[in-house]
There are 2 protein chains.
Amino acid sequence: MKLAAQYIDIGSRAPTVLLNTVDAAELGVHPLDRIQIEYDSRTAIGIVEFTDELVEPGTLGVTRRLGYVTGDVDVIPAPQPNAVHYIKKKLDDIELDKHELHRIVLDIKQDRLSDVELGAYVTGTYTNGLSLEETMYLAECMAEVGDAIQWDDAVVADKHSIGGVAGNRVTPIIVPIVAAAGIKIPKTSSRAVTSPAGTADTMEVLCDVEFSLDEIKEIVTETNGCLVWGGSVNLSPVDDKIIRAETPLSIDPPGQIIASVLSKKKSAGSTHIVIDVPYGEGAKVESLAAARELAEDFKRVGDHLGMHIECTITRGSQPIGRGIGPVLEARDVLDTLAGNGPEELRLKSLRLADILLESCGCGGEAAEILDSGRALATFRDILAAQGGDPDVTVDDLVPGRHELPVAADRAGVVTHVDNRLVSDIARRAGAPRDKAAGMVLHCRVGDEIVPGDPLFTVHAESAEKLTDAERLVDKSEAVRVRSRDEALVERV
Amino acid sequence: MKLAAQYIDIGSRAPTVLLNTVDAAELGVHPLDRIQIEYDSRTAIGIVEFTDELVEPGTLGVTRRLGYVTGDVDVIPAPQPNAVHYIKKKLDDIELDKHELHRIVLDIKQDRLSDVELGAYVTGTYTNGLSLEETMYLAECMAEVGDAIQWDDAVVADKHSIGGVAGNRVTPIIVPIVAAAGIKIPKTSSRAVTSPAGTADTMEVLCDVEFSLDEIKEIVTETNGCLVWGGSVNLSPVDDKIIRAETPLSIDPPGQIIASVLSKKKSAGSTHIVIDVPYGEGAKVESLAAARELAEDFKRVGDHLGMHIECTITRGSQPIGRGIGPVLEARDVLDTLAGNGPEELRLKSLRLADILLESCGCGGEAAEILDSGRALATFRDILAAQGGDPDVTVDDLVPGRHELPVAADRAGVVTHVDNRLVSDIARRAGAPRDKAAGMVLHCRVGDEIVPGDPLFTVHAESAEKLTDAERLVDKSEAVRVRSRDEALVERV
């Protein structure tokens, strides 16, 4: 069907097109059906919505995602994408080959899959799993369809944590240590999805985090490191689309995690990577056995992609660091780089940095680089290169002024600090959107407590959000204090 | 956030709302996020799209599905629906209880699930299956959320085929036989989704098929039967939404089939039902063992819902009847009711009708009712009650005038007639949208063939669609002719 394209200002995550009901009936399509649009000898896919008023018969309303489609177009109902056959195979628990995974990755990249089909893909890889071979192919395909950075260096370092632990802000400490040791480390990080702060949110307190690949290359050439948001570059475009489907379902199949992480590292040009797998109650990986299995698979897939992977299995059953939320975590980072800060944050950062440096064949010692102030100096160089204030101090970073101090109502020891509840409270208080919101922990597991001892303080930028957070504090137990000999946790 | 609702004419299958980008940022929502809309002390769910131009800040653009939302509204980001937790449980292969299934059914009914979440639900029930208990609860919940018909009669008959066999148009023959025997049979049928004709498409050649529940009750009170489209009533509103998610993936989990079918029958007030399970190469169920298992489960779930179920396992490896497509199947139906027609269509209809009559405790014999002309007379009464021409004859039903006769190019016997290819060719020729399009089969499995014998004729309403169909005919083998002793089917 010949139609004339007309721009309609709707900003949709989907490539939505508006058809007049008359044309839609003639074409034989229903709302949410896909149509193939031929324009300028090129092809795009649109998702149909109907209208009687917004566009006339003979006109194709194109929304923002398809704003580049103009002039006279030819429209037919889109054939079902090939990926759907392969997704069906996965649902039937049949292993997919490289060609089939490549087709799925391409169809996801080109937005050819409907949300129902995308939901089936992430569900199928979750319930039926991905074999090691599938994971290798998937990582390869996901890297191939993204942009890439080339480096002249033989060794380019990187690090990643699979997450789930609150306040685990080791990255802004490790990156300047490694960079100060003379090794390039072009680190891209995520923003928070379900947590109170991602590394990108924390860094944004101190400097810009959105840069193009060219700008990233410039920053790293100048300072050996960067701490930028991965979402502003196109290293693994398919990953963002998959994560969008996984997030509402809270599913994160191990094979998909590995393919997502390593495809991005491959595209970033990294050669030596340390992957941190925190495990324990409330972390993403709950058992040591599962953590080991994931670590082994990371190493195998890394080998396949020609990258050297070191994995650290770390204790993740309680938050690392004291601050939770962008500003509060940035304070911990600056403190630690200055030789102070929470001891557990310092130790974990040094341990991971040493393993990464050793793997890169670098003689330097992380503790020496940190204690000498070289890491802090490099961090300030990176801040300057990323448009921040290199002279920022902890005092410039002011926690949310609405405060709720929470104290112990009994004596005992701290037996548990709940990652998930800590995150939920910090989010209720406004993090990560309100940068100064969140909480500061005043205790760790094992601390002796007497009634009235401070456990944590919630910070918010508005009184309303503090009240919101307070409601959750009152009905839950983010920090568990028990008598030293009490074995009972819950009665069910 | 307080907003003023403004109608925007977009007809979406989803409850889409348009937010100005400024308001969306303030609210903290992204495209495709769900918002909860409070209006008139009631609550609706909307799916967000952005715009800079179509609505001003302070305004909520509501589209057709939410056209009833007017005036001042209060909007917050919608909390995640409870169903998502239970879907996640199903993905982890944990059995769901009645309360959890009820929540899923309600959230689907109220459009609270995103397509990704709906895709995960159908995928999870496919890969991990539904237990018999889950199927029972699901059927119960699906029936509860729909409208229902009440009858004063102790016995109300119904029939259903799980489908996948081309030209299997036994329903318009069975319904008038049962109705003529004095038993009410309020039959609702589907339109074609992936086939060249559903029973509703075929009946639409002869009369109207869209009626309200009150009208259906009137038609059945007058004639004992009806043959209407189920989509125009609200007997199992959740079913349509689930089918929409299953169709693109071609998945149809057995438990979901049973719950879908029986929830509709329960709502229609039926007490005695015959379920036809065709099996064989190319049918929906391919093995006898699978057919038996499905049949047993149908009977158990029927018991639970207080309905008497008889199942027939029938041969489904080749089409029943000669015509494929709405007009061509309607011709077979009229012929058979008049005592002629394809023998296999007559025999299958009689066999199913006898089983249903016997189960209803009715003394009548199907063959006697058909041969005496009483079934045809009742069929004509139903046509009249449904606004059709009761005096219609086969000659009024003209096949598409563009014809492609296909003849054998070798001698042998017909070893296979492929349901799926037959359907695909008929659809290419224009069925079901072009009512007179489709094909007529001139042979069945076992027929002796000499070169030049007619195998089938394709009919189309336009030359273009005939050419489309011809391309598929040329590159495939819908009717397989082999020498009598040839064992080889394919070499892989």
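How many residues of helix H6 (residues 171–180) of chain B are buried? I started there, keeping in mind that this is a predicted model. The count came back as 10 of 10, so I wrote H6(B) down as mostly covered, since buried means under 20% relative accessible area.

Next, the two chains. I laid chain B on chain A and got an RMSD of 0.0 Å, using a turn of 180° and a shift of 0.0 Å along the axis. That's how a two-fold axis relates its copies. I also checked who sits at the interface: 100% of chain B's interface residues are interface residues in chain A too, so the copies meet through the same surface.

I found it in strand E17 (residues 454–460) of chain B. Its relative accessibility is 9%, so I noted Thr457(B) as buried. Its side chain makes a polar contact with the side chain of His442(B), at 2.7 Å. Leaving out residues up to four places away in sequence, I saw Thr457(B) touch Glu403(B), Leu404(B), Pro405(B), Gly438(B), Met439(B), Val440(B) and His442(B).

Last, the domains of chain A. I jotted down domain 1 (2–77), domain 2 (83–129), domain 3 (157–237 + 252–385) and domain 4 (402–482).

Methods
Residues numbered from 1 in each chain as written. Chains lettered and ligands numbered in written order. Predicted model: local features only at pLDDT ≥ 70, side-chain atom pairs only at ≥ 80, totals over all residues. Heavy atoms only, no water. Domains from an automatic or database assignment. Buried < 20%, exposed > 50% of the residue type's maximum accessible area, 1.4 Å probe, protein only. Helix = DSSP H or I, 4+ residues; strand = E, 2+ residues; numbered from the N terminus. Least-squares fit on C-alpha atoms with pLDDT ≥ 70 in both. Contact = heavy atoms within 4.5 Å. Polar contact = N/O pair within 3.5 Å; in protein donor to acceptor, adjacent residues only side chain to side chain.
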